[in-house]
Amino acid sequence: MFFLLFFVLLIQSLTYWILEPLVSFLEHVLEIRSLPIIALISLIFLFSAKNIEQN
């Protein structure tokens, strides 16, 4: 039980140590003011896809 707890805490700390710089960088690059532009582009891409079932 303690080994499992230690293993889970080790994985969580390593995940935080590896992913925290990436998340911090993306947070500065993709600021909140650029969110509407990204959402608009993603919605245009989502709804402009051609229907696969058309023959």
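I take buried to mean under 20% relative accessible area, exposed over 50%, and partly exposed in between, with a 1.4 Å probe and protein chains only. By that cut-off, buried residues make up 2% of the 55 residues in the protein.

I note that this is a predicted model, where local features need pLDDT of at least 70, side-chain atom pairs count only at pLDDT 80 or more, and totals for chains, interfaces and linings use all residues. I number residues from 1 along each chain as its sequence is written, and side-chain values use heavy atoms, with hydrogens and water left out.

**Helices.** I find 2 helices and 0 strands. Both terms refer to DSSP runs (helices H or I, at least four residues; strands E, at least two), numbered from the N terminus.

I checked α1 at residues 2–29. Its 28 residues reach 40 Å from first C-alpha to last, close to the 40 Å expected at 1.5 Å a residue. The expected span is 1.5 Å times one less than the number of residues. I also see a kink of about 40 degrees at Leu 19 in α1, shortly before Pro 21. The bend is the angle between axes fitted to the seven residues ending there and the seven starting there.

I then checked α2, residues 35–47. Its 13 residues reach 18 Å, close to the 18 Å expected. The number buried in α2 is 0, so this helix lies largely in the open.

**Aromatic rings.** I searched the whole structure and got 1 aromatic pair. The rings of Phe 3 and Phe 7 have centres 6.3 Å apart and planes at 20 degrees, so I log the pair as stacked. Rings of Phe, Tyr and Trp (its six-membered ring) pair if their centres lie within 6.5 Å; planes under 30 degrees apart count as stacked, over 60 as edge-to-face and the rest as tilted. Phe 3 and Phe 7 are 4 residues apart in α1, so about one helical turn separates them. Phe 3 is exposed at 65% relative accessibility, and Phe 7 is partly exposed at 42%.
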